[in-house]
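Hi there,

Here is the structure I promised to pass on. Have a look at it first, and then read my notes below.

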Amino acid sequence: MPSARTRKLIEMDKRHVWHPFTQMKDWLADPEPLVIEKGRGAELVDTDGRRYLDGISSLWVTVHGHRKAEIGRAIRAQLGRVEHSTLLGLANVPSIELAAELVKIAPKGLTKVFYSDSGSTAVEIALKMAFQYWQNRGQQRRRFVTLKEGYHGDTIGSVSLGGIDLFHQVYRPLLFETERVEAPYCYRCPLGLRHPSCGIACLDSLETILKEKSGEIAAVVMEPLMQGAAGMISAPPGHLKRVRELTRRAGVLLVADEVATGFGRTGQMFACQREGVVPDLMAVAKGLSGGVLPLAATLVSEEVYRGFLFPYSDQKTFFHGHTYTGNPLACAAALANLRLFRKEKTLARLRPKIRALRRGLESLRGLRHVGDIRQQGFMAGIELVRDKATREEYPWEEAVGVKVCRRARDKGVLLRPLGAVVVLMPPLGIRMDQLQRLLRVTRDSIEEVTEEP
Ligand SMILES: *Cc1c(COP(=O)(O)O)cnc(C)c1O
C-alpha cells in the first residue's frame with residue numbers, strides 16, 4: 001500500500017500529467033503507478049523507499065549510472081559560470097570543447113557538429129540538411145529511403161521517416177512519403193530466408209531503388225546495427241557496410257541515426273565503427289549527456305558542411321536552430337560523460353558484461369515461449385511467441401510484454417517492453433551482480449507469465 005504522500009502525488013499526477021506513449025485511460029486505472037524520487041548507479045528509488053534495478057537505462061539514456069559524481073560536479077561547476085547563452089551569433093566554452101571531443105571519437109571524416117536537444121530534432125536537422133545540400137547544388141532531390149520498422153523520433157519530419165505503423169499510421173496524411181526497403185528482420189525474414197546464407201537479400205530492394213532513382217534521392221536514413229524501437233531488430237554482419245557501399249556508389253547521402261546505439265551501447269563508441277563505416281551525417285542524443293540533460297547533435301562531413309558555404313545573398317544558409325542549442329550545462333555534462341569513458345575505460349570494462357549478458361540470454365532460449373533473442377553489445381530484445389515451432393505471434397491484446405514487465409517490477413526490476421519483445425538495456429556502468437539479478441528476474445518473469453497453467 002503506498003504511503004499517504006505517494007497517494008497524494010499519484011492523485012496529482014493523474015489530475016495534471018499526460019504521459020508519453022501512454023493510453024491515459026489505462027494509466028488512470030492503474031492503482032499504483034511508481035513515482036520515482038531518487039537514483040544511484042543502476043538503481044532507482046520510489047517515493048516509499050523501494051529500490052528497483054533500472055533495466056532500461058531510464059529509456060536508453062543512462063550510461064555510467066544515476067547521479068554519477070563527476071557529471072554532477074561538472075554541472076555545478078558550469079552553474080558557477082553561466083547556465084545558458086545562445087549559439088546564435090555567440091559561442092560558448094563547453095559547446096566548443098564538446099564539439100572537438102565529439103569529432104575526436106566519431107567515425108573519421110565527421111568534422112562538424114550541429115547541436116539540438118532531442119533525438120527527434122537531431123534527425124530532423126539531418127534530413128533538412130540532406131535535402132538542402134542537394135538544393136544548394138542545384139539538384140531537386142526530394143526523396144528519402146528508409147528501412148521498414150525504422151524509428152527516428154516523433155516530430156513530423158522524423159515520423160515521416162518512421163515505419164512503425166502502430167505509432168506512425170495516424171499521422172500519414174501529414175507526412176511526406178519515403179521509399180521503404182526491407183528491414184533486416186532475420187527471425188521473420190520477409191523473403192523467407194535465414195541469415196547467414198542469405199547474402200543480405202533484404203538489401204536487394206535498396207539496390208534496385210538506388211539504381212533506378214538515385215537522382216531523386218537525397219539520403220538513405222537508418223539505425224545502424226539495431227533497429228531499436230522496432231523491437232530490437234538486429235542486422236546481420238555486413239548489412240551496414242553494404243548500405244554504405246550502395247549509397248556511395250549511387251552518390252546518395254547516408255544518415256546514421258545513432259540516437260540509441262551511440263555512446264558505447266553496442267560495444268564500441270558508435271555502431272558505425274563496428275563495420276568501419278563513415279556516414280555523411282550522424283544523429284546522436286540519448287547517451288550523449290550520460291543520460292543527465294537533454295542534448296543532441298547532428299555530426300556532418302566536411303563535404304556536407306561545405307555545401308552550405310556561400311555568400312549570404314545566395315540564400316543557401318542553413319536556417320535552423322533551437323533556443324537552447326548548445327546549452328552550456330548540457331554540454332558540460334556531456335564533456336564529463338566522455339571524460340568518464342576515458343578515465344574508467346568504460347568500453348573495455350563493458351566487454352565482460354556483454355559476454356555475461358550473452359550467456360544469460362542464451363540460457364533463456366530453452367523457455368517455451370522465447371522465440372528469438374537479439375543482442376548487439378548492451379542492447380537486447382527477447383521476442384516472445386505463442387508458438388515456438390510456427391513462430392506464431394502473441395495477439396497484441398494479450399499484452400504479454402506488459403505483463404512480463406509488470407511481474408519484473410514486483411520483483412524489483414524496471415523493464416519496458418516493445419510489444420511482445422522484452423527489452424534489456426541496462427546502464428553500461430551496471431555491476432556484474434546487478435546484471436546477473438536482472439537476468440534472473442527477467443527469466444523468472446517470462447517463465448511465470450508465459451508458462452502459467
Ligand atoms: C529515441 C530515438 C529517437 C528519438 O529521440 P528523442 O530524444 O526521444 O526525440 C530517434 N531515433 C532513435 C533511433 C531513437 O532510438
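**Around the ligand**

Please keep in mind that this is a predicted model. The residues that surround the ligand are Trp60, Ser118, Gly119, Ser120, Tyr151, His152, Gly153, Glu223, Asp257, Val259, Ala260 and Lys286.

For Ser120, an N or O atom of the side chain is 2.6 Å from an oxygen atom of the ligand. Lys286 also places a polar side-chain atom 2.6 Å from a ligand oxygen atom. With Asp257 the ligand atom is a nitrogen, which is 2.7 Å from an N or O atom of the Asp257 side chain. As for how much of the ligand is covered, it exposes 380 Å² when taken alone, and the protein buries 83% of that.

**A four-stranded sheet**

The other thing I looked at is an open sheet of four strands with mixed pairing, in the order β1-β2-β3-β16. Its edge strands are β1, residues 36–40, and β16, residues 413–414, and each of these pairs on one side only.

How do β1 and β2 run relative to each other, parallel or antiparallel? They are antiparallel, with four bridges joining β1 to β2, which covers residues 43–46.

Terms used:
Residues are numbered from 1 along each chain as its sequence is written. This is a predicted model: local features need pLDDT of at least 70, side-chain atom pairs count only at pLDDT 80 or more; totals for chains, interfaces and linings use all residues. Side-chain values use heavy atoms; hydrogens and water are left out. A residue is near a molecule or strand if one of its heavy atoms lies within 4 Å of it. A polar contact is a pair of N or O atoms within 3.5 Å; within protein, one must be able to donate a hydrogen and the other to accept it, and residues adjacent in sequence count only if both atoms are side-chain atoms. Accessible areas come from the Shrake-Rupley method with a 1.4 Å probe; for residues, only the protein chains shown count as cover. Two strands pair if DSSP finds at least two bridges between them. Helices (H or I, at least four residues) and strands (E, at least two) are DSSP runs, numbered from the N terminus.
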